[in-house]
Amino acid sequence: MKRLFLKAAGVAAAGALLKACGGGGESGGGSPSGSLTLLQLLQQDGRFSALLAALQNAGLADQLGQAGANRTLFAPTNDAFNALESRVGALSDQKLAELIGFHVVPRFLSASTLRSFAASDERPDTLYTFRTDPAVLIFVNNGGQLNIWDGVGRTSITIPEADVAASNGVLHVVSDVLLPKGVLTVAQTLRASIDSFSDFSASVSGATFDTLNGAGQFTVFVPINDAVNSQLIDSVVRRHVVSGQTIGSDSFPAAGVVLPTLSNQQVTLRKGSDAVVLATLTYGSVQANVTDVDFFASNGAIHVIDRVLA
């Protein structure tokens, strides 16, 4: 899995990463040029009724209708919202209102600017805040295609339609709903992160899913797909879940600490000594390396390990 939190500068040059598929083509400039506001574009296009409703619930619709707002909107279609619901279940209006600010950047960003971000380390702030700081979007060149990395570890979100010009900004259609840290539950994050945690998340079901979808605090250590050769039995899944607390990477203990799990067994967490092995997690004679960290949910955190605790 790619390291979101350690994404380095100097990705391959951003030659022809994205072709605009409508809406007036690629502007390449730094200012709005359309005749309709962003709000009017959404209102006139039936593909965006779910997005429009979420923006209204969040109190952002009026902002997108203001002259001179100069906003960039990443717009998931109704199909994208339906696909998300099929994976994680129906989201409340409150959760949708929370996450929708992650789709708005308070400045004008053309497709050419997004491509330049993919060749640098610049990450634009969105209107969504996590722990008092604006959440950022990460753009990468994936074999010549411009991808967006969101806050829960997904790396394959694309922009099928770019530079839809508005009088007060620009709209880019995205292939999926962008998910920030801290909104979905741990269970929902596992289900949503289909390209990062798919094999492990397929094993999280029944009472364990309900537990991770409810109240409480959990820290889940998720084995990479290459380490999960078949569906895991529930007792093994629960061995990867520390119960009762959210442990971020800034709290990894240098001396090591024994932690309880949902399987009524114990694991030992110890901070690593370099930027490759960020920590180790030990169960009996099995030691796994923590290789990616800090996918925060509303009720916990997810970290990635390189093997199954079995």
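This note covers the salt bridges of the predicted model shown above.

1. Basis. The model is predicted, so local features need pLDDT of at least 70 and side-chain atom pairs count only at pLDDT 80 or more, while totals for chains, interfaces and linings use all residues. Residues are numbered from 1 along each chain as its sequence is written, and side-chain values use heavy atoms, with hydrogens and water left out.

2. Count. A salt bridge here is a side-chain nitrogen of Lys or Arg within 4 Å of a carboxyl oxygen of Asp or Glu.

3. Arginine 47 and glutamate 161. Their side chains form a salt bridge at 3.3 Å, N to O. Arginine 47 sits in the loop between α1 (38–44) and α2 (49–57) and glutamate 161 in strand β8 (residues 161–166), so the pair ties together parts 114 residues apart in sequence. Helices (H or I, at least four residues) and strands (E, at least two) are DSSP runs, numbered from the N terminus. Glutamate 161 is buried at 16% relative accessibility, whereas arginine 47 is partly exposed at 35%. Buried means under 20% relative accessible area, exposed over 50%, and partly exposed in between (1.4 Å probe, protein chains only).

4. Glutamate 122 and arginine 107. This salt bridge is 3.1 Å, N to O. The pair ties together parts 15 residues apart in sequence, because glutamate 122 lies in the loop between α6 (111–118) and β3 (125–130) and arginine 107 in the loop between β2 (104–105) and α6.

5. Arginine 123 and aspartate 121. The closest N and O atoms of this salt bridge are 3.7 Å apart. Arginine 123 is partly exposed at 25% relative accessibility, and aspartate 121 is partly exposed at 41%.
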